[in-house]
Amino acid sequence: MLERGISILESFGADALQLSLGELAERTGLDKATLLRLLGVLVRARLIHRFESGSYALGPATLHLGMLYRQTFDVGARIQPVLRNVVRQTGETAALYVRSGDERICLYRENTLQEVRHHVEVGTRIPLKDGGSSAHILLAFTGGDTPQAKTIREKGYAMTRAERVAEMASVAVPVFEADGTFIGSMVVLGLASRHNQQAQLKAVDIVRAELAAQGFSATVPR
């Protein structure tokens, strides 16, 4: 029953903020009778909200859980200034991703004001297998044993161009607390035509300096 309830919650996304009963049935593979029973439980728990029209959306309790999740890291007050300064100096979007199973989650972000950009939303979940520099960092520093992971650990950053999103380039570095605890990956991403290799390497230096200013490290503390 728990797995079925989770499948309902995971049906919603940026492209599916509201779903009808039929759409939920299609996405979860559950019959409507089972869905209605589970939805009733989730609505009472405020994890799902039911509109008068009969459609459903994530409920207010999910926001509360999300805020608690962010607070467990206790890094927001220090990470946000880093992101703002990185965006100001690079002119590109910056974000912090953490690993959750086989996915990465955008925990914090600061979007560039550039007219052409890749817009990142907090809470976005992306499969690690889809690639991207941030995914490579998370894999490399959470037990990855491939030659690529070893190279990334030695270099201390990962760089990609048009790997996950066409015409976009990104570079990411690991983020550690002073005690060596691995937090996640900070990525700077922008249009490949302006975010060339030189700009990406410069972004690495900027991110490392800004992380250090807030008591973080982009290398494993010794």
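User: What makes the protein chain count as domain 1 and domain 2?
Analyst: Domain bounds come from an automatic or database domain assignment. Here that assignment gives domain 1 (1-61) and domain 2 (74-214). Their centres, taken over C-alpha atoms, are 32 Å apart. This is a predicted model: local features need pLDDT of at least 70, side-chain atom pairs count only at pLDDT 80 or more, and totals for chains, interfaces and linings use all residues. Residues are numbered from 1 along each chain as its sequence is written, and side-chain values use heavy atoms, with hydrogens and water left out.

User: Where does UniProt place the "domain: HTH iclR-type"?
Analyst: The unreviewed UniProt entry puts this feature at residues 1-60. Such annotations may be inferred rather than shown by experiment; names are shortened and positions follow the numbering used here. The span is 50% helix and 10% strand. Helices (H or I, at least four residues) and strands (E, at least two) are DSSP runs, numbered from the N terminus.

User: Why are β7 and β8 called paired?
Analyst: Two strands pair if DSSP finds at least two bridges between them. β7 (residues 168-176) and β8 (residues 182-191) are joined by 9 bridges, so they pair. They run antiparallel.

User: What makes β5 and β6 edge strands?
Analyst: The open sheet of 6 strands has the order β5-β4-β3-β8-β7-β6. β5 (125-127) and β6 (158-161) each pair on one side only.

User: Which strands does helix α8 lie across?
Analyst: Helix α8 (residues 197-213) lies across β6, β7 and β8. Contact means heavy atoms within 4.5 Å. The helix runs at about 25 degrees to β7. Axes are lines fitted to C-alpha atoms, for helices over the stretch in contact, and angles run from 0 to 180 degrees between N-to-C directions.
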